[in-house]
Amino acid sequence: LCLLREDSKRGVYVEGCREEVISNPEEAFVIFEQGSRNRHVAETAMNRESSRSHCVFMLSIQSRRIDGE
């Protein structure tokens, strides 16, 4: 079970989740696909493919100039 938390320095975060450092959109998509595969679905009386989990995908983007400034 992951808990949603808030911290004055970190902001809102999900306790127990991992953090990845990436350098391009392709790497972000690979991480997103991994998370999607880890989700579980199960049948309920109302819906045959009801989601039994949620996925939180947060991006924190930092940028810098290529010339080093």
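**Salt bridges in a predicted model**

Tutor: Aspartate 67 counts as partly exposed, at 49% relative accessibility. Keep in mind that the model is predicted.

Student: Why does aspartate 67 count as partly exposed?
Tutor: Exposed needs over 50%, and buried needs under 20%. Partly exposed covers what is in between. Aspartate 67 falls in that band because its relative accessibility is 49%.

Student: Which residue meets aspartate 67 in a salt bridge?
Tutor: Side chains of opposite charge can pair when their charged atoms come close. The cut-off here is 4 Å between nitrogen and carboxyl oxygen. For aspartate 67 the N to O distance is 2.9 Å, and the partner is arginine 65.

Student: Is arginine 18 buried or exposed?
Tutor: Arginine 18 forms a salt bridge with glutamate 20, with the closest N and O atoms 2.8 Å apart. Glutamate 20 is partly exposed, at 39%. Arginine 18 has a relative accessible area of 58%, and the cut-off is over 50%, so arginine 18 is exposed.

Student: How many residues apart are arginine 5 and glutamate 15?
Tutor: These two form a salt bridge, their closest N and O atoms being 3.0 Å apart. The pair links distant parts of the chain. Arginine 5 is in strand 1 and glutamate 15 in strand 2, and the separation is 10 residues.

Student: How many salt bridges does the count come to?
Tutor: A pair counts within 4 Å. By this rule the total is 3.

Conventions: Residues are numbered from 1 along each chain as its sequence is written. This is a predicted model: local features need pLDDT of at least 70, side-chain atom pairs count only at pLDDT 80 or more; totals for chains, interfaces and linings use all residues. Side-chain values use heavy atoms; hydrogens and water are left out. A salt bridge is a side-chain nitrogen of Lys or Arg within 4 Å of a carboxyl oxygen of Asp or Glu. Helices (H or I, at least four residues) and strands (E, at least two) are DSSP runs, numbered from the N terminus. Buried means under 20% relative accessible area, exposed over 50%, partly exposed in between (1.4 Å probe, protein chains only).
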